[in-house]
Amino acid sequence: MQNEDWKVSLSPKETIDILEKELDKFTCAKCLDRYAIQTQQGAEVEMAVFEQYYMRTGNRATLTVLVNAVDGVTNVHFVAGGSSNGIFFRFDWGASEHFVNWAKEALKAYRLE
């Protein structure tokens, strides 16, 4: 499992839109589900789950991305998993890290330091 948190200069919707387009283009990852809500205070929250097959593990990996602008800045949480190739061991040959890195690559121009 691999996870990371970023802040970006996009809205939550724009963030997921870019990820959906870029992950499909670069890795053929498909968006399995997308969900959005708006808080009573007007803040946006979006979530998306992507799936990609990895030959090195013989398994599909998922990337879940949760994006919120609750505090006025867009926060992105990436978590990849499900890519290990065994029942008892969670070793995935770097597939989950690779999946998160593709998502970060798609958003790097918008990252806030």
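**View 1. Strands S4 and S5 pair in the antiparallel sense over seven bridges.** This is a predicted model, in which local features need pLDDT of at least 70 and side-chain atom pairs count only at pLDDT 80 or more, while totals for chains, interfaces and linings use all residues. Residues are numbered from 1 along each chain as its sequence is written, and side-chain values use heavy atoms, with hydrogens and water left out. Strands count as paired if DSSP finds at least two bridges between them. Look for Thr-62, which sits opposite Gly-81 in S5. S4 and S5 make a hairpin with five residues between them, and Gly-72 in that turn has a positive phi of about 90°.

**View 2. On to S1, which also pairs with S5 in the antiparallel sense, over seven bridges.** Here Asn-3 stands opposite Val-79 in S5. S5 is mostly covered, with six of its eight residues buried (buried is under 20% relative accessible area, exposed over 50%, partly exposed in between; 1.4 Å probe, protein chains only).

**View 3. Trp-6 and Phe-78 form an edge-to-face aromatic pair.** The structure holds one such pair. Its rings lie 5.9 Å apart centre to centre, with 90° between the planes. For Phe, Tyr and Trp (its six-membered ring), rings pair if their centres lie within 6.5 Å; planes under 30 degrees apart count as stacked, over 60 as edge-to-face and the rest as tilted. Trp-6 belongs to strand S1 and Phe-78 to strand S5, 72 residues apart, so the pair links distant parts of the chain. Trp-6 is buried at 6% relative accessible area, and Phe-78 is buried too, at 0%.

**View 4. Zoom in on the largest nonpolar core, with its 23 residues.** A nonpolar core is a set of buried Ala, Val, Leu, Ile, Met, Phe, Trp, Tyr and Cys residues joined through side-chain atoms within 4.5 Å. Leu-19, Leu-63, Val-65, Phe-78 and Phe-99 touch the most other members. Elements giving two or more residues include helix H1 (12-27), strand S3 (44-54) and strand S4 (59-68). Helix H2 gives the most, with five. Helices (H or I, at least four residues) and strands (E, at least two) are DSSP runs, numbered from the N terminus.

**View 5. Here are the neighbours of Val-65.** Leaving out residues up to four places away in sequence, Val-65 touches Ile-16, Leu-19, Glu-46, Met-47, Ala-48, Phe-50, Val-76, His-77 and Phe-78. A contact means heavy atoms within 4.5 Å.
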